[in-house]
Amino acid sequence: MTPADSQVTARLTEKITAAGITLDRAGLRPCAGGADNLVFAARTTDGRDLIVKTPLRPGTSRYGTAAWTARVLTSHGIPAPQVIWHDT
């Protein structure tokens, strides 16, 4: 992991903790892929598996739209990821 990646991971971990989500000891683990985002995997202390994304270019995220879309799909019985938190 590069120093820049370490800074991103530290910033994301702070934001996740501030949102009341506690990660297990492994913390954030980088994932391959992501054309628009840096992607990480994590597990919470209560056993939930998470995918954590942050935009490669500031100001380009559409996470609010993704959260809304997931809620609408789920309300119609269509499986979708549960967005548990996003920052604007």
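Residues are numbered from 1 along each chain as its sequence is written. In this predicted model, local features need pLDDT of at least 70 and side-chain atom pairs count only at pLDDT 80 or more, while totals for chains, interfaces and linings use all residues, and side-chain values use heavy atoms, with hydrogens and water left out.

**Exercise 1.** Work out in which order the three strands form their sheet, and which strands stand at the edges.

*Solution.* Begin with the terms: strands (E, at least two residues) and helices (H or I, at least four) are DSSP runs numbered from the N terminus, and two strands pair if DSSP finds at least two bridges between them. The three strands form an open sheet in the order β1-β2-β3, with antiparallel pairing. Next, β1 (29-30) and β3 each have a single partner strand and stand at the edges, so one side of each is left without a neighbour in the sheet. Finally, look at how β1 and β2 are joined: there are two bridges between them, and Arg29 stands opposite Ala41 in β2.

**Exercise 2.** Find which residues make up the largest nonpolar core, and which element gives the most to this core.

*Solution.* A nonpolar core is a set of buried Ala, Val, Leu, Ile, Met, Phe, Trp, Tyr and Cys residues joined through side-chain atoms within 4.5 Å, where buried means under 20% relative accessible area (1.4 Å probe, protein chains only). The largest such core has 10 residues, namely Val8, Leu12, Ile16, Ile21, Leu23, Leu28, Phe40, Ala42, Leu50 and Val52. The elements that give two or more residues to this core are α1, β2 and β3, and α1 gives the most, with three. In soluble globular proteins, nonpolar side chains tend to be buried together.

**Exercise 3.** Decide whether Thr44 is buried or exposed, and list what Thr44 is in contact with.

*Solution.* Thr44 is found in the loop between β2 (37-43) and β3. Thr44 counts as buried because its relative accessibility is 3%. Contact means heavy atoms within 4.5 Å; leaving aside neighbours within four places in sequence, Thr44 is in contact with Ile21, Thr22, Leu23, Asp24 and Leu50.

**Exercise 4.** Determine which element gives the most to the lining of the largest pocket.

*Solution.* β3 gives the most to the lining of the largest pocket, with seven residues.

Definitions and conventions: Buried < 20%, exposed > 50% of the residue type's maximum accessible area, 1.4 Å probe, protein only.
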